[in-house]
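Good morning, and thank you for the time.

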Amino acid sequence: MPFARLATATTPTCHIGLGLAAVGRPGYINLGRDTDLGENRSVETLRTRTHELLDAAYAQGVRYFDAARSYGRSEEFLAGWLNTRSDIEDVVVGSKWGYTYTADWRTDAEAHEIKDHSLATYERQRAESAELLGDRLDLYQIHSVTPDSPALTDKELHAKLAEAAAQGLTVGFSTSGPAQADAIRTALAVTVDGEPLFRTVQATFNVLETSAGPALAEAHDAGLTVIVKEGMANGRLADPHAPDAVRAIAEEAGLGSDAVALALVLRQPWAGVVLSGAATAVQLSSNLHAAVVDLDDEQQARLDALTEEPVTYWERRGQLPWH
């Protein structure tokens with residue numbers, strides 16, 4: 001299904017997608033992960049958990065699923081689910097290339113992933129993704145572009161990406177770090193034969209980190225679909241870690257802090273898809289309640305007061321341990 005067809009989805013939760021970073025591998029940086037997954041993190045255990053989450057997400061109206069080459073076996077798990085659910089034809093699948101998973105299914109690895117935005121890595125990982133997902137892959141994104149990424153200036157890579165786009169694959173990019181806005185604006189200027197190369201952007205935006213907002217609005221105005229990741233700030237905005245203001249608003253709404261945090265993102269007029277990174281079905285259901293949270297201006301102001309400086313936010317994120 002072409003990625004653009006996601007815009008025709010009409011389920012109440014179609015603007016919420018499911019990201020598989022937390023369940024495609026045994027280790028990740030989300031707070032509370034040790035409790036969420038428990039001690040048994042075998043391949044088969046996480047495969048089963050991923051399939052259960054995908055079933056629950058689809059049943060509750062989610063239509064976009066997001067994986068990556070570096071998310072352990074996320075593409076494999078997603079492909080297996082798609083193969084067993086051949087009756088499902090209305091989901092949109094995205095993945096990312098540019099990081100190689102190196103943890104060998106361990107949580108204590110010295111390096112969990114290695115970044116490389118070279119053409120050679122693209123061609124290798126594109127073949128790997130194609131082998132698993134085939135024509136079910138709708139969107140392929142460069143993973144975590146920063147302003148100094150060679151992917152923004154490599155004309156040969158751009159030509160290959162444009163070739164894939166001409167064959168029907170949507171091409172996008174994700175960003176990371178305190179200079180997300182700069183990376184987004186640089187990427188918007190990338191063209192091939194006079195045409196913009198990228199059709200989607202995936203970026204971190206949440207109650208604590210809002211610096212990419214203006215650039216994401218510009219991307220939306222330029223016709224790109226905006227996908228928001230880390231709306232929960234890697235668990236910092238979920239109970240019991242959420243700031244007092246978030247918890248107070250959640251109590252007023254009668255819902256979880258996570259729903260309030262994601263509702264703030266959904267409220268942005270440029271937000272096309274907001275990812276849930278749930279690791280359990282209970283978390284997923286709670287996240288999906290964001291679709292019915294109606295923040296008033298006073299509550300919005302209380303949340304706005306929690307914003308951190310980008311450098312501070314990303315330094316703290318960089319210190320989160322892999323669980």
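I shall begin with the barrel, then turn to the helices and to one aspartate.

The model is predicted, so local features need pLDDT of at least 70 and side-chain atom pairs count only at pLDDT 80 or more, while totals for chains, interfaces and linings use all residues. Residues are numbered from 1 along each chain as its sequence is written, and side-chain values use heavy atoms, without hydrogens and water.

Eight strands close into a barrel with parallel pairing, in the order 1-2-3-6-7-10-11-12. Helices (H or I, at least four residues) and strands (E, at least two) are DSSP runs, numbered from the N terminus; two strands pair if DSSP finds at least two bridges between them. Strand 7 (residues 170-175) and strand 10 (residues 200-204), for instance, pair over three bridges. In that region, Phe-173 stands opposite Val-201 of strand 10.

Helix 9 lies across strand 1 (16-19), strand 11 (225-229) and strand 12 (273-276), and runs at about 160° to strand 12. Axes are lines fitted to C-alpha atoms, for helices over the stretch in contact, with angles from 0 to 180 degrees between N-to-C directions.

Asp-258 lies in this helix, residues 257-266. What does Asp-258 touch, not counting residues up to four places away in sequence? The partners are Met-232, Leu-237, Gln-283, Ser-286 and Asn-287, where contact means heavy atoms within 4.5 Å. Asp-258 is buried (under 20% relative accessible area, 1.4 Å probe, protein chains only). The nearest side chain of opposite charge, Arg-247, is 11 Å away.

Definitions and conventions: Buried < 20%, exposed > 50% of the residue type's maximum accessible area, 1.4 Å probe, protein only. Lys, Arg positive; Asp, Glu negative; His and termini not counted. Salt bridge = Lys/Arg side-chain N within 4 Å of Asp/Glu carboxyl O.
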